[in-house]
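Here is a short briefing on one protein. Keep the structure in view as you read.

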Amino acid sequence: MTAHFEQTLDRLGEIAERLRQSGMPDVEYKWTEGISTVELAALEERLQMTLPASLSELIQRCGSLYLLWSLPQHCIVRDVSGRIGEHSSTSDYELNIFEDITGEFGWNHEYISYFTFYGENADSPATTDEHRYLIFNYNGAGDPVLLDLATSSAEPAVFCYDHEQDRFTLLADNLPAYIDTILTLHGLWVWNWTTVTDEHGIQLKSPPLQMWVRWLDTFCNVKLEDARSLEALIEYTTMHSVDNPVILQAFQSYDPKDIFLAWEQRIQHNPAQFATWSVFIGETAGDGAADWVRSLWEPDTAQAWTSLVKNNFHAVGAFTSPRAYLTARCLPEHEGLAYVCNYLPQHSARDGKLEGYVANGQLHHFHSPEVIDWMRDKVNYPADGWSVLFAESYPTVEQLFDWLSDSELHQKIVAGALEVMIKKGRVPSLKADALNTISNLLQASLQRVMLKKDKRRIEAVLEQLSDLGLC
């Protein structure tokens, strides 16, 4: 057996633990014992070939392994080598590779097989010799990571195949080089490797990957207790997000307007990340950003911001949805609702009809019963989007009564909303007489609805309320 991978498992274990200790969410690391010589012989017999030496060693040391992680939900991967406010030497195009990344790395002896192309394109590069490519893993999109046996019978090169682009991309000249490279990147998987590869595969010296290594090193080494200034806290938050209550608590030491100004300095240099910056501002600055949020509703300002996120296919939504969130977080409720409720019918209705999911996307941030009053004469089919918005708006008991006594559509919306609220544990605390009234109204609705799916939903809600001791 070769000795390429004596330290691989130890390195992977250290990487997984480092990521966990640094606050990377959802880190999963599992592996199985290596396969036996008998199992190896059976595999080679099935393939009618002797496996390349490095692959044979790998699966004998460890039959299968996977390392998975995801970045914090709201974080920005950026160049941390310069000072605050400086432009990175890494281009926006190169930085785009970090807009949708995960950590996913591994192999599995059960996956080892020849690659077969099932597409319709007869000229595809994947329609070559059916015994040319040997799969040893799949990425999260189901695309194979494989060895190209035509490059070398001893140490073949590693490629990945993109079924959407019908394209093979060289990742490394051989399997040991591939594993060493991915371990250096801590399991990083980039959905478009072409910007960081050359004729030898992944280039660790490419600006984006050098930036990633610096960013990850900072992510793993900087602690919240080291963030003793607002600037340092802001930097820490861009990496670790605002989902941690301890981080939010740290902002309580600073004036909300100062917090907003610190964020504003950054958003001006990277406006394409408007949605993420909005979460940071909304969660940490609150009313300190009120005047700025009001300005976002001015037509010229709104148009300017929409154009700044024009690289996003859904540019308008990439601006309007975060703006609605900011409006809910940073303005008084009555004022914020007025902005959004006036905007929706004018700009989001199709053929005079406002869709429930569109309304929910703009209004669910408010969690206000006033939204339920506003939407009462605007609801329409399909009902599901309106049901979600009703549930997210924290209905009062009186609103539940009123809607369950209204039209069949209103009753369906409430039944759907109750289903959502039960799943999320948000059913309001109700007295016995109120529970009986809701149960009776649902029973009456059950007798009137015609579709089986509507009957099943109401029956399920009644059963769930009963199981919870609410009916």
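The protein exposes about 23100 Å², and carbon and sulfur atoms supply 49% of that area. Accessible areas come from the Shrake-Rupley method with a 1.4 Å probe, and for residues only the protein chains shown count as cover.

This is a predicted model: local features need pLDDT of at least 70, side-chain atom pairs count only at pLDDT 80 or more, and totals for chains, interfaces and linings use all residues. Residues are numbered from 1 along each chain as its sequence is written, and side-chain values use heavy atoms, with hydrogens and water left out.

**Overall build**
- The protein has 21 helices and 11 strands. These are DSSP runs, numbered from the N terminus: helices are H or I with at least four residues, strands are E with at least two.
- Its C-alpha atoms fill a box of roughly 75 × 55 × 45 Å along the principal axes.

**Burial and contacts**
- Of the 471 residues, 49% count as buried (under 20% relative accessible area, 1.4 Å probe, protein chains only).
- Take contacts (heavy atoms within 4.5 Å) between residues at least 6 apart in sequence: 67% join residues at least 24 apart.

**Charges**
- The protein has 35 positive and 66 negative charges. Lys and Arg count as positive, Asp and Glu as negative; His and the chain ends are not counted.

**Cysteines**
- The structure holds 0 disulfides (pairs of cysteine sulfur atoms within 2.5 Å).
- Cys-330 is in no disulfide; the nearest cysteine sulfur, that of Cys-341, is 17 Å away.
- Cys-330 counts as buried, at 3% relative accessibility.
- Cys-62 also counts as buried, at 1%.

Conventions:
Buried < 20%, exposed > 50% of the residue type's maximum accessible area, 1.4 Å probe, protein only. Charge placed at Lys NZ, Arg CZ, Asp CG, Glu CD.
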